[in-house]
Amino acid sequence: MEIVTTIRREVLTLPAAHLGPDNPLPPLRPLDETHRIEDRDKAALPRDMARQIGYAPLHSLLPVPVRDGYGRDREPRPVDALVIENDRLRATVLPALGGRVASLVHRPTGRELLYRNPVFQPANFALNGAWFSGGIEWNIGATGHTTLSCSPVHAARVPAPDGGEMLRLWEWERLRDLPFQVDLWLPDGSDFLYVGVRIRNPHEKPAPAYWWSNIAVPEECRVLAPAHEAYLPHCLKGVGGAPIGYEQRLRRVPVPEYDGADRTYPPNSTYAADYFYDVPDDRRRWIAALDADGHGLAQTSTDVLRGRKLFVWGRGPGGRSWQRWLTEPGTGGYCEIQAGLARTQLEHVALEAESEVSWLEAYGPFTAPPRGEWHRVLDEAETRLEAVLPRARVDAAYAAWQPYADTAPGERLATGSGWGALEVLRAGLKLPGTPFDEATLGEEQAPWLHLLRVGSFPGPSAGRPPGGTLVARHWRDMLETAPATPLTEYHLGVAQWHAGDRAQAVRSWERGLRHTSSTWPALRCLAVSDQEDHNPARAADRYLEAFDDLCREAGETAGDRTAVTAALGREAVDALLAVGRSADARSVWRRLDPATRARGRFRLAEVALLLAEGRKEEARAVFDAGFEVADLREGDEVIGRLWVALTTEPLPDRYDFRMRPTP
């Protein structure tokens, strides 16, 4: 049989924002607090769900840096793409952006099956910041959007089970230290894109695993999934609508109708919501989004990928603002249908030592009547899905793929990070199918490679921040036995902090301070520790001292310090304002680069500073002049809080990103 599937390189030109530099300060705290479910709710949950909700929650982003250097000025930029195509489907993959499937086109009809974002606009939604909307994203690591959302992955050609070619994507996920792969192929004449996924735990102890495939589709649709109930999380609220920590209730609600509306139609929701469908164990795993004429996309999988979910932004002003923020106004909204390893995204599953988990997904065009009584709609949809893609064929495709999962990649099409290569060297790992070659080691890995081979941490580069810290136990052990230079003590403290040994971390940072002229890195870490110990006054002292030292050092050495000055200055201003030291906060503010002060996040800080100084009219003028906080966090209501401090007028639409009702 002649195989006509092709894989080729393309370069897309998109209006795109620049990603900018990563935040050079170690993320000693996550961007979000850990979500937790009340014990009274857990008692009513299935035992496996209750256990997995409490299993290995993420308490730190380390060793991954925060990505907050992007803006909102878009200009045409080239974006590398890999296109896999047969006579029925064309899938466009972005290897430099997490391997996202940006587009899936049904060639006979020319219909785009996904929501294809016409722009690249990062926003603060990933676990570590930068994320963008649209297409199919592969979420691995912990509860939330992956830290790889805007990062490169490895890609190569690999033989496919039908004799053609697959596109293999692979990378090392750093939060959990787990390698994974995604194999995409299109059998000749197939209307469905097959995707084989494998996560491996090569370590000698169990590891928490997390996976959700998020599929953006136009929101003018009805979403079908084989369930009659769903789990709906919602935050508890305190005074003024503020959440009580990040504690959530998790309740079962009926599907499709809940609270007087059919929630399987995304436009029927006013506010953002997550519906985790309770798919019975004996039902086929699938989900579909269909337009008014019954045309759309179906996703199905082998049974290991058990969860299915609908996410909606809602028709309220906050949801509309976010949709405009993430794309180009006037291009239509989207919702997401999703598939995951667990029932909800509040769970992690245990991956046993030296084991793996794998499954197969299929994506393709689907037509079925979307309207009618729920039982009948589901029965008809399942009958049609079985006709176009039998469940047995999906299982057979998975079985056929498994022997090819270990096949060595052929032509390399894209290069990811060097972190996997470093871990393979350290542990002598053998990972057939996903080679992490020494050639991928780069500047970021160089000091850690030196520590591994020589036993000491190399001295700092003149005029540069300390760089990222590796925090896994084996790296911490190496730091503990390395010569105790100030830089080694700094990195050791960060690793100890990550391990929960905060007292020892403080001691390491304090030891490092005694023998270095560059004190700001350790002082900043000690300031964060003071905040965690509820000592804001001492934290403010240390932040100011750290910023003074950084400015002195920047004046004595060459090199661009803009990113670190902005990051430290932002934290220092907040810490100083928290204890009423507006004059010192103003001193920090004045020393920031003018271009930094013009960024939206710093304009917002300026409002807080002006309010602290009693200059309400000038603070209001900042709002009236207009600003955009490029890295506004999903759910962050700081803009609304500052507005309320200024006026009783309604919050202008341009600043309204609230994702829940106000009391």
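Q: How many disulfides does the structure hold?
A: In this predicted model, a disulfide would need a pair of cysteine sulfur atoms within 2.5 Å. For C335, the nearest cysteine sulfur, that of C221, is 3.9 Å away, and C335 is in no disulfide. C525 is in no disulfide either, since the nearest cysteine sulfur, that of C551, is 18 Å away. For the structure, the number of disulfides is 0.

Q: Is C335 buried or exposed?
A: A residue counts as buried when its relative accessible area is under 20%, and as exposed when that area is over 50%. The relative accessible area of C335 is 1%, and therefore C335 is buried.

Q: How many of the residues of strand β25 are buried?
A: In a regular strand the side chains alternate between the two faces of the sheet, so each face can be looked at in turn. On one side of β25 stand Y334, E336, Q338 and G340, on the other C335, I337 and A339, and all of these are buried. Strand β25, which spans residues 334–340, is thus mostly covered, and the number of its buried residues is 7 of 7.

Q: Which residue of β25 is the bridge partner of R308?
A: Strand β25 pairs in the antiparallel sense with β15 (residues 211–218) over 7 bridges, and in β25 Q338 stands opposite N214. Strand β24 (residues 307–312) also runs antiparallel to β25, and 5 bridges join the two. In β25, the bridge partner of R308 is A339.

Q: What is the distance from E361 to R308, the nearest side chain of opposite charge?
A: E361 is found in strand β27, which covers residues 355–367, and its side chain is joined to that of Y363 by a polar contact of 2.4 Å. A salt bridge requires a side-chain nitrogen of Lys or Arg within 4 Å of a carboxyl oxygen of Asp or Glu. E361 is buried yet has no salt bridge, and its distance from R308 is 6.7 Å.

Q: Which residues of helix α14 are exposed on the side away from its buried residues?
A: The buried residues of α14, a helix of residues 582–590, are S582, A585, R586, V588 and W589. Because they cover an arc of only 160° around the axis, these residues lie on the same side of α14. On the other side of the helix, the exposed residues are A583 and R590.

Q: How many residues apart are D22 and R67?
A: Among the 59 salt bridges that the structure holds is one in which the side chains of D22 and R67 meet, at 2.9 Å from N to O. D22 lies in the loop between β1 and β2, whereas R67 lies in the loop between α2 and β3, and the pair links distant parts of the chain. At 28% relative accessibility D22 counts as partly exposed, while R67 is buried at 15%. In residues, the separation of the two is 45.

Q: Which loop holds D631, the residue that pairs with R570?
A: The side chains of R570 and D631 meet in a salt bridge of 2.9 Å, N to O. R570 counts as partly exposed at 25% relative accessibility, whereas D631 is buried, with a relative accessible area of 5%. R570 lies in helix α13, so the pair ties together parts that are 61 residues apart in sequence, and the loop that holds D631 is the one between α17 and α18.

Conventions
Residues numbered from 1 in each chain as written. Predicted model: local features only at pLDDT ≥ 70, side-chain atom pairs only at ≥ 80, totals over all residues. Heavy atoms only, no water. Buried < 20%, exposed > 50% of the residue type's maximum accessible area, 1.4 Å probe, protein only. Helix = DSSP H or I, 4+ residues; strand = E, 2+ residues; numbered from the N terminus. Pairing = 2+ DSSP bridges. Arc of directions from axis to C-beta. Lys, Arg positive; Asp, Glu negative; His and termini not counted. Polar contact = N/O pair within 3.5 Å; in protein donor to acceptor, adjacent residues only side chain to side chain.
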